[in-house]
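Please have the coordinates open as you read, and check the contacts against your own viewer.

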Amino acid sequence: MNLDSIILYHLRMPLVSPFETSFGRATDRECVLIEVRAGGLTGFGECVADSNPGYSYETVGTAIHILRDYLIPPLLGKPLPAPRDYFTLSSPVRGHHMAKAGLEMAFWDLLAQAEGKSLKALFGGVRERVEVGVSVGLQASPAALVNTVEGYLAQGYTRVKIKIKPGRDVEDARAVRAAFPRIRLQVDANSAFTLESAPTLLPLDDLHLLLIEQPLFEDDIWDHAKLQGQFKTPICLDESIVSPRHARYALEMNACRIINIKQARVGGLANALEIHDLCQSWDIPVWCGGMLETGVGRAANLALASLPNFTLPGDISATERYYHKDITHERFALNADSTITVPDQPGLGVTVNRAALEKYTAGKVVL
Ligand code: SMG
Ligand code: MG
């Protein structure tokens, strides 16, 4: 199956409500949708790089540059790479994991379609439905936060993650815990603290949190190891785990007791599977992180989260939490037990709505 052509779509989609983290506030979500045509089939991948380098150094602009000028030219007209080999094959390009992961996702979609299997089947997933939670951005006040959380609980979510930053940390978490003493609650700092400022978070240890996500620098592992020693609550690394190798460093250094796996951050689904297996062998639970994906990336996340060691609820909420209109015909709904059903059709198991794709395309590159 030869790779015939690739189209990159720069998408800009309005969010149902603004999403604020320690690094900024977003009202739209941008990303790059990658359409790969090969052997009469069409595969899609989602590159989750955002409009700005707040979460990661990668942006829509860098991803399009790296895909168009470096990653795609050597592939055109050649046999489709095996997705499990692609990360190694792309090693002449350093970094840019989100760009690589977007392309690799389309290769998985094509491989699974060609074999008539779902991505879940290809990965060896064991669950038909996966437990999910909701990630709640910073709100105007602790009272407003409690209100927003209450709305999500009413929708059926049983695990809540709140974003924190210096000055909006212990008080916010305490307010939510006081209002909802029994919910599964966790916090995410997105690297907003330092080893010196993080001890202000110590009172979180009394709030029965599932985990504290990425308190320190995005490129740090060592200081997280020092911090984990000070907390009873498990530290969970997100930004710092950019490859299976970094996952191993973190485990060997006791820098965390839980890992958030995002296929995009670690350079693709193959690396995500490898980290899953590594963590399983260390008895370290993992969960699937989210990047406000469209139906395409959400389908891939659900397939990934169906693997056995994804034992904590993922940031894979229902489509309506993010978008009034998505670019896939399929919308993912929350089941009554706070789960979402994993697609079981061949490939990603979703179909792209061309009219919606057109509507949200801010720019297009045909290769
Ligand atoms: O997809 O529900 C989602 C978002 C989950 O909080 C979420 N993601 O650090 O884990 C994280 C953030 C990164 C995205 S912020 C734009
Ligand atoms: Mg995070």
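1. Arg159 is buried, as its relative accessible area is 0%; buried here means under 20% relative accessible area, exposed over 50%, and partly exposed in between (1.4 Å probe, protein chains only). Its place is in strand β6. Strands (E, at least two residues) and helices (H or I, at least four) are DSSP runs, numbered from the N terminus. A polar atom of the Arg159 side chain lies 3.0 Å from the backbone oxygen of Pro313. That is a polar contact, a pair of N or O atoms within 3.5 Å; within protein, one must be able to donate a hydrogen and the other to accept it, and residues adjacent in sequence count only if both atoms are side-chain atoms.

2. A word on the ground rules. This is a predicted model, in which local features need pLDDT of at least 70 and side-chain atom pairs count only at pLDDT 80 or more, while totals for chains, interfaces and linings use all residues. Residues are numbered from 1 along each chain as its sequence is written, chains are lettered from A and ligands numbered from 1 in the order in which they are written, and side-chain values use heavy atoms, with hydrogens and water left out.

3. Arg159 also belongs to a network of salt bridges, together with Lys161, Lys163, Asp188, Glu213 and Asp315. A salt bridge is a side-chain nitrogen of Lys or Arg within 4 Å of a carboxyl oxygen of Asp or Glu. In one pair, Asp188 and Lys161, the closest N and O atoms are 3.1 Å apart. Asp188 lies in strand β7 and Lys161 in strand β6, so this pair ties together parts that are 27 residues apart in sequence. Lys161 is buried, with a relative accessible area of 2%, and Asp188 is buried too, at 1%.

4. Which residues coordinate the magnesium ion (ligand 2)? Asp188 (OD), Glu213 (OE) and Asp238 (OD) do, at 2.1 to 2.3 Å. Asp188 sits in strand β7 (residues 184-188) and Glu213 in strand β8 (residues 212-213), so the pair ties together parts that are 25 residues apart in sequence. Along the chain, the donors follow the spacing D-x24-E-x24-D. Glu213 counts as buried, at 0% relative accessibility. One caution: donors are N, O and S atoms within 2.8 Å of the metal (3.2 Å for Na, K and Ca), and water is not among the atoms, so sites may look incomplete.

5. Ligand 1 is surrounded by 17 residues, the closest being Ser135, Lys161, Asn190, Leu292 and Tyr322; a residue counts if one of its heavy atoms lies within 4 Å. A polar backbone atom of Gly290 is 3.0 Å from a nitrogen atom of ligand 1. The protein covers 97% of the 440 Å² of accessible area that ligand 1 has on its own, with areas from the Shrake-Rupley method and a 1.4 Å probe; for residues, only the protein chains shown count as cover. The elements giving two or more residues to this shell are β1 (3-21) and β6 (159-163).

6. The whole structure holds 19 salt bridges. In one of them, the side chains of Arg129 and Asp337 meet at 3.0 Å, N to O. Arg129 is in strand β4 (residues 129-131) and Asp337 in the loop between α10 (295-305) and β12 (339-341), 208 residues apart. Arg129 counts as partly exposed at 39% relative accessibility, and Asp337 is partly exposed at 40%.

7. Glu131 and Arg184 form a further salt bridge (2.5 Å, N to O). Glu131 lies in strand β4 and Arg184 in strand β7, so the pair ties together parts that are 53 residues apart in sequence. Both are partly exposed, Glu131 at 32% and Arg184 at 28%.

8. Is helix α10 enclosed or open? Eleven of its eleven residues are buried, so α10 is largely enclosed by the rest of the structure. Ala303 is one of these buried residues, and its C-alpha atom is 7.2 Å from that of Pro343, 40 residues apart along the chain. Pro343, in the loop between β12 and α11 (354-360), counts as buried at 14% relative accessibility.
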